[in-house]
Amino acid sequence: MSGNSDDPPIERRSHLRMPVLKDGTIITEGMKVACSVRNQHAHGAELRVDPGVVVPDRFVLHVHAEGVEYRAVVRWRKNERLGIQIY
């Protein structure tokens with residue numbers, strides 16, 4: 001019998017994501033948006049922005065704690081959450 005509520009959820013991600021909470025800045029031409037970085041892995045992360053903030057599909061992500069910048073593309077959006085791929 002499948003679908004038992006006691007079964008653990010099926011993990012569909014191809015990369016293990018580590019829970020993190022880091023401050024970041026989304027940087028685009030003429031705009032900077034504060035964000036928090038969560039569930040980061042080598043190829044992406046989940047970002048959270050303030051409700052109502054419009055984020056373009058491509059941008060540079062500056063992670064303050066690491067002092068690094070990544071080029072990023074949005075892969076999914078849900079309310080104030082963004083799933084990004086970094087490259």
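Predicted model: local features only at pLDDT ≥ 70, side-chain atom pairs only at ≥ 80, totals over all residues.
**Exercise 1. The overall build**

Work out which elements the protein chain contains and how the strands are arranged.

Solution. 
- Step 1: Count the elements. The protein chain has six strands and zero helices.
- Step 2: Read them in order. From the N terminus on, the pattern is β-β-β-β-β-β.
- Step 3: Follow the pairing. The six strands form a closed barrel with the order 1-2-3-6-5-4, and the pairing is antiparallel. From one strand to the next, the twist averages 45°.
- Step 4: Of the 87 residues, 32% are buried. The accessible surface comes to about 6200 Å², and carbon and sulfur atoms hold 50% of it.
- Step 5: Look at sequence separation. Take the contacts between residues at least 6 apart in sequence; 40% of these join residues at least 24 apart.

**Exercise 2. Strand 3 and its neighbours**

Find which strands pair with strand 3, and state whether strand 3 is enclosed or open.

Solution. 
- Step 1: Start with strand 2. Strand 2 pairs with strand 3 in the antiparallel sense, over four bridges.
- Step 2: Strand 2 passes into strand 3 by a hairpin of two residues.
- Step 3: Turn to strand 6. Strand 3 and strand 6 run antiparallel and are joined by five bridges. Here Gly44 faces Gln85 of strand 6.
- Step 4: Strand 3 is largely enclosed by the rest of the structure, because four of its five residues are buried.

**Exercise 3. The salt bridges of Glu46**

Identify the salt-bridge partners of Glu46, and explain why one of these pairs ties together separate parts of the chain.

Solution. 
- Step 1: Take the total. The model has four salt bridges.
- Step 2: Find the partner in Arg48. The side chains of Glu46 and Arg48 form a salt bridge, with N to O at 3.1 Å.
- Step 3: Find the partner in Arg81. The closest N and O atoms of Glu46 and Arg81 are 3.0 Å apart, in another salt bridge. Glu46 belongs to strand 3 (residues 44–48) and Arg81 to strand 6 (residues 81–86), so this pair ties together parts 35 residues apart in sequence.
- Step 4: Join the pairs. Glu46, Arg48 and Arg81 make up a network of salt bridges.
- Step 5: Compare accessibility. Buried means under 20% relative accessible area. Glu46, at 5%, is therefore buried. Arg48 is partly exposed at 29%. Arg81 is partly exposed too, at 25%.

**Exercise 4. A salt bridge from a loop**

Locate Asp57 and Arg77, and give the distance between their closest N and O atoms.

Solution. 
- Step 1: Read the distance. Asp57 and Arg77 form a salt bridge whose closest N and O atoms are 2.7 Å apart.
- Step 2: Asp57 sits in the loop between strand 3 and strand 4 (58–63), and Arg77 sits in strand 5 (residues 68–78), so the pair ties together parts 20 residues apart in sequence.
- Step 3: Check the exposure of Arg77. Its relative accessibility is 41%, which counts as partly exposed.

**Exercise 5. Strand 5 against strand 6**

State how many bridges join strand 5 to strand 6, and which residue stands opposite Ile86.

Solution. 
- Step 1: Count the bridges. Six of them join strand 5 to strand 6, and the two strands run antiparallel.
- Step 2: Name the residue. Ala72 stands opposite Ile86 of strand 6.

Terms used: Residues numbered from 1 in each chain as written. Heavy atoms only, no water. Buried < 20%, exposed > 50% of the residue type's maximum accessible area, 1.4 Å probe, protein only. Pairing = 2+ DSSP bridges. Contact = heavy atoms within 4.5 Å. Areas by Shrake-Rupley, 256 points an atom, 1.4 Å probe, with all protein chains shown as cover. Axes fitted to C-alpha atoms, helices over the stretch in contact; angles between N-to-C directions.
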